[in-house]
Amino acid sequence: HEGFRRDFKIDILELYPQGLIKIGEWNSSLRQITDLQRPAAVNFQKNLGDNLFNKTFKVLISITPPYGMLKETTTQLIGNDRFEGFGIDVIKELSYILGFNYTFVLQEDGLYGNINKTSGEWNGMIREIIDGRADLAITDLTVTSERESAVDFTMPFMNLGISILYRKPEPVPPSLFMFASPFSFNVWLLLGVSYFIVSLSFFVMGRLSPSEWQNPYPCAEEPSYLVNQFTIRNSFWFTMGALMQQGSELAPIAISTRTASGVWWLFVLIMVSSYTANLAAFLTVETLVTPFNDIDELAAQQEIKFGSKKNGATANYFRDSNLTKYKKVWSYMLHHPDLMMDDNDAAVVKVENENYAFLMESTTIEYVTERHCTLARVGGLLDDKGYGIAMRKYSPYRNDLSTAVLQLQEKGILTGLKIKWWKEKRGGGKCASKSEGSEATPLDLKNVGGVFLVLYIGTILGTLGSFAEMTKCIYRRAKRENISFKEEFLKELRFLVQFKQNVKEVNNTPLDGVSDRDLMDSTKTLNYVKMDWK
């Protein structure tokens, strides 16, 4: 009537990701909303992968072990079956989660993507994605701010940093005098000075202490003279016997000398124990020497050449860095373009055969050192970055792919894939098996040869010293008694070779260090003792 409607109801709709959904209705008679009920959030949330389900993507890859490789087989393969590697498996796992299809396309020139500063044009994989000739790109493609301005990346599927690849540290060749290594030169020097000072102290204390002056003939109640056991030679011999833990026939009598002896023995106990413990480590553990320990030492030296991948993210990192030490590294690279490598394989060969260090990503270094046992990583990480999957700018698939990558991380699938391609496949793990054994190895002559050398030299010097002492004694006797030195010397030699003779005729020769007057006094005392005994 008159174009007006009465007693009607209007559905109330709201827009959700799935579309328009009825949440209630408006009644004209009641002039109010009835049956208002919004659906629960779980009822209208979009399922992960709805945007990618059953879609087909062209995925760019490069032949870069272990991210992308051609299968080693005698059977002719076509399509995706030709390829294998870490990146191949990551795309496969993502397709299981998101339900998309994929076709791998090989990047023929092997370039990842760099911008020409003059023209502003990109090359490599980044160019292919920008032009729409590929949908995704996965390899060891570093996420950088420069690349992020041209394409989008998923969240990193692998975190890493720049480090240094160089030959393994070489063990120090054993020294002939390695037994002296437990103590530094200063300690050995101070030990010798201490030995000399303590020996002189015993000599002085022996002469000062009345208790150390003893009767040489205990049977004589009133001796004409007293003797002291701590002569200069005996003092040095006493401290040496304690130092070598062999002791001597000397026994301190005075409180002062006994106190000094106890302190010296305690000192010797600590020093010998420390020496023994440290010697075991020096003889059984190999000491490795590397010519540098970090990027600062590498940049400061002149003998070892170094470089990185030409036009790679590593080189760009040093180019754009504001740190002085990294500017120095970039300046070196800039002035030595011949040291910049086209690919990692050529760099590995150069590091093995020349005195060359290569700056590259830590994950690639891990892969290389698992297969080349002469190479190792030197120093820590210089930065923190990651590898991501590249796609067109403002791609609607970015969030879904990043969420799927996160799921692979949470489930440990990415870790399992890394173990598979780094340590198990394509010759991985052979270097780790060689370094697992830590059994003790027997000491060779090159480890302890110096001890034998010292022993033989000491024995020879001692023997020569005995001959010199005998010669000196014969010379004095020959000069005093006016006899032939040659005859006396030959007489002593003849007696020397008579090994069964243990009793020697007494010569009327003053003892070395004892005067004739002392001998006369000693004779009188002995005569007195004999008369008293009778």
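This is a short talk on one predicted protein model, from the whole chain down to two annotated residues.

First, the ground rules. The model is predicted, so local features need pLDDT of at least 70 and side-chain atom pairs count only at pLDDT 80 or more, while totals for chains, interfaces and linings use all residues. Residues are numbered from 1 along each chain as its sequence is written, and side-chain values use heavy atoms, with hydrogens and water left out.

Now the chain. It has 18 helices and 20 strands; helices (H or I, at least four residues) and strands (E, at least two) are DSSP runs, numbered from the N terminus. Of the 534 residues, 34% are buried, where buried means under 20% relative accessible area, exposed over 50%, and partly exposed in between, with a 1.4 Å probe and protein chains only. The accessible surface is about 33,300 Å², and carbon and sulfur atoms hold 57% of that. Those areas come from the Shrake-Rupley method with a 1.4 Å probe, and for residues only the protein chains shown count as cover. A contact means heavy atoms within 4.5 Å. Among contacts between residues at least 6 apart in sequence, 68% join residues at least 24 apart.

Next, strand E4, residues 56-61. E4 pairs in the parallel sense with E7, residues 101-106, over six bridges; two strands pair if DSSP finds at least two bridges between them. Within that pairing, lysine 58 has threonine 103 of E7 as its bridge partner. E4 also pairs in the parallel sense with E8, residues 136-137, over two bridges, and there leucine 60 stands opposite alanine 137.

Which residues does UniProt list under "binding site"? The unreviewed entry gives Thr142, Arg147, Thr314 and Glu361. The positions use the numbering here, feature names are shortened, and annotations may be inferred rather than shown by experiment.

Take arginine 147, in helix H4, residues 145-148. Arginine 147 is buried, at 4% relative accessible area. Beyond its neighbours within four places in sequence, its contacts include Tyr112, Trp122, Phe153 and Thr142, and Thr142 is also on the UniProt list. A polar atom of the arginine 147 side chain lies 3.2 Å from the backbone oxygen of glycine 113.

Last, threonine 314, in helix H9, residues 313-320. Is threonine 314 buried or exposed? Threonine 314 is buried, with a relative accessible area of 5%. Setting aside residues up to four places away in sequence, threonine 314 touches Ile162, Ser308, Leu359, Met360, Glu361 and Lys385.

Methods:
A polar contact is a pair of N or O atoms within 3.5 Å; within protein, one must be able to donate a hydrogen and the other to accept it, and residues adjacent in sequence count only if both atoms are side-chain atoms.
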